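Visitor: Please take a close look at the aromatic ring contacts in this model. I would also like to hear about the charged contacts and the strands, with the values given.

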Amino acid sequence: MPKSVSFGNRTLSLSSNFELRTYRSNYLDSSGILNEAFERMMHLVKAGHMLKTDFPDSGIQDSVDIALNTFDDMLTSLPVLAGINIAIRSPNETLNFGIDESYYLYVPDTGSILFARVEAATVFGALHALETFSQLCNFNFTTKALELHSAPLTIYDQPRLNDNNMTLSDGYRYFVLRAQNIAISHGYDIINWEETFNNFGDKLSPKTVVHNWLGQGVAQKVVAAGLRCIVSNQDRWYLDHLDVPWQHFYANEPLTNITDPNQRKLVLGGEVCMWGEQIDASNIQRTIWPRAAAAAERLWTPLEKLPKNPREVALRLAHFRCLLNQRGIQAAPLDGYSRNGPQDPGSCINQ
């Protein structure tokens, strides 16, 4: 329910030319965010229906002409809502924590031309107002019109955001811990990105699996705290880091500086990550392979059998790259950065 609401008992009909007007500091202004939101809202409330309510274009004719031209119709039909005026006080369209999302919505029921009115501190409050307005509208299958009931209508609403005086960090911690408890209550395992461990690790459930991605040295701290860990540190095992060669993928050891056998068991394994910012269908395979195979080589090799020099496995990985090519996978040449072209003609191993 809104923070405050009052309503009447009249029904309005929305004009087939229902329009949006946006104001900032009392001047007519256009907002791309609001324009797009308005189009989405009208698409949703129309739901594919053909509307039969006609109303002159209030943006062209003055109020006297409109009143005269529609006088007879208004005597025999529902009052018509011509559009919605939105007044925003702030030009800021950046969504930040703590931003004012409150709004005031008023829908009149008397006047020669009826416009709903929204007042909001920010564009985000106005977005909430449009959503509320959309929920007040419904299609009348008898009259073939969009209708809004309970006019005149006044709504003021805002998030509940400061009751607990939370900072951004407080809110994040509350959300994570609450989500953990919900997941655990349904029997799920829980995996958190390492930020949760770095910021409030002592509050995490002992069932937490921490996914290390920011850098090296985190896994040893996680297992020392008794939590399980998956290693994917971005400086070595993020495939979208195109400047990281296969040698670095191979040299990355999840058990570095973890000597206690019980703590080593808490490292569940490693994962190379292929994020989508740097790829499309034309280059995804060569971005993944053969560098992912270098990480797999390490994770599948007993620790005591790992060679000290990555070059000792170069021929094997080069051969594996050839096998991938033969099987229709567009694996990149082994040497050089990801997605480099072959340096010389010749066999795929020599490339």
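Guide: Two rings of Phe, Tyr or Trp count as a pair if their centres lie within 6.5 Å, and planes over 60 degrees apart make the pair edge-to-face. The model is predicted. Ring pairs join Trp193, Trp213, Tyr238 and Trp275 into a cluster. Under this rule the count of aromatic pairs is nine. One of them is Phe139 with Phe141: the ring centres are 5.0 Å apart and the planes stand at 90°, so this pair is edge-to-face. Its two members differ in cover. Phe139 has a relative accessible area of 14% and is therefore buried, while Phe141, at 55% relative accessibility, counts as exposed.

Trp193 and Trp213, which belong to the cluster, form another edge-to-face pair, because their ring centres are 6.3 Å apart and their planes meet at 75°. Trp193 is part of strand E8 (residues 190–193), and Trp213 is in the loop between strand E9 (208–212) and helix H6 (218–224), so the contact ties together parts that are 20 residues apart in sequence. Trp193 counts as partly exposed at 37% relative accessibility. Trp213, at 19%, counts as buried because the cut-off for that class is under 20%.

A ring can also meet a charge. The charged end of Arg298 sits over the ring of Tyr250, at 5.1 Å from the ring centre.

A search of the whole structure gives nine salt bridges, among them one between Glu297 and Arg316, with an N to O distance of 2.5 Å. Glu297 is buried at 17% relative accessibility, whereas Arg316 is partly exposed at 44%.

Another salt bridge joins Arg311 and Asp335, whose closest N and O atoms are 3.4 Å apart. It too links distant parts of the chain: Arg311 is in the loop between H11 and H12, and Asp335 is in the segment after H12, 24 residues apart. Both ends fall into the partly exposed class: Arg311 at 43% relative accessibility and Asp335 at 32%.

A further salt bridge, between Glu19 and Arg21, has its closest N and O atoms at 3.8 Å. Glu19 counts as buried at 18% relative accessibility, and Arg21 counts as partly exposed at 23%. Both numbers fall within strand E1, which covers residues 4–24.

The strands come next. Arg24 also lies in E1, and at 11% relative accessibility Arg24 counts as buried. The C-alpha atom of Arg24 is separated by 5.8 Å from that of Ala87, a residue 63 positions away along the chain.

E5, running from residue 114 to 120, is mostly covered, with five of its seven residues buried. E5 also pairs with strand E4 (residues 103–107), here in the antiparallel sense over four bridges. Tyr104 stands opposite Glu119 of E5. The hairpin of E4 and E5 has six residues between the strands, and in this hairpin Gly111 takes a positive phi near 130°.

A last item concerns the surface at the start of the chain. Met1, Val5 and Phe7 form a nonpolar patch there, with about 410 Å² of accessible area together. Met1 is placed in the segment before E1, and it counts as exposed at 91% relative accessibility.

Note on methods:
Residues are numbered from 1 along each chain as its sequence is written. This is a predicted model: local features need pLDDT of at least 70, side-chain atom pairs count only at pLDDT 80 or more; totals for chains, interfaces and linings use all residues. Side-chain values use heavy atoms; hydrogens and water are left out. Buried means under 20% relative accessible area, exposed over 50%, partly exposed in between (1.4 Å probe, protein chains only). Helices (H or I, at least four residues) and strands (E, at least two) are DSSP runs, numbered from the N terminus. Two strands pair if DSSP finds at least two bridges between them. Patches are made of residues with over 30% relative accessible area and no salt bridge: like charges are joined within 9 Å, nonpolar side chains (Val, Leu, Ile, Met, Phe, Trp, Tyr) within 5 Å. Accessible areas come from the Shrake-Rupley method with a 1.4 Å probe; for residues, only the protein chains shown count as cover. A salt bridge is a side-chain nitrogen of Lys or Arg within 4 Å of a carboxyl oxygen of Asp or Glu. Rings of Phe, Tyr and Trp (its six-membered ring) pair if their centres lie within 6.5 Å; planes under 30 degrees apart count as stacked, over 60 as edge-to-face and the rest as tilted. A charge sits over a ring if NZ of Lys or CZ of Arg is within 6 Å of the ring centre and within 35 degrees of the ring normal.
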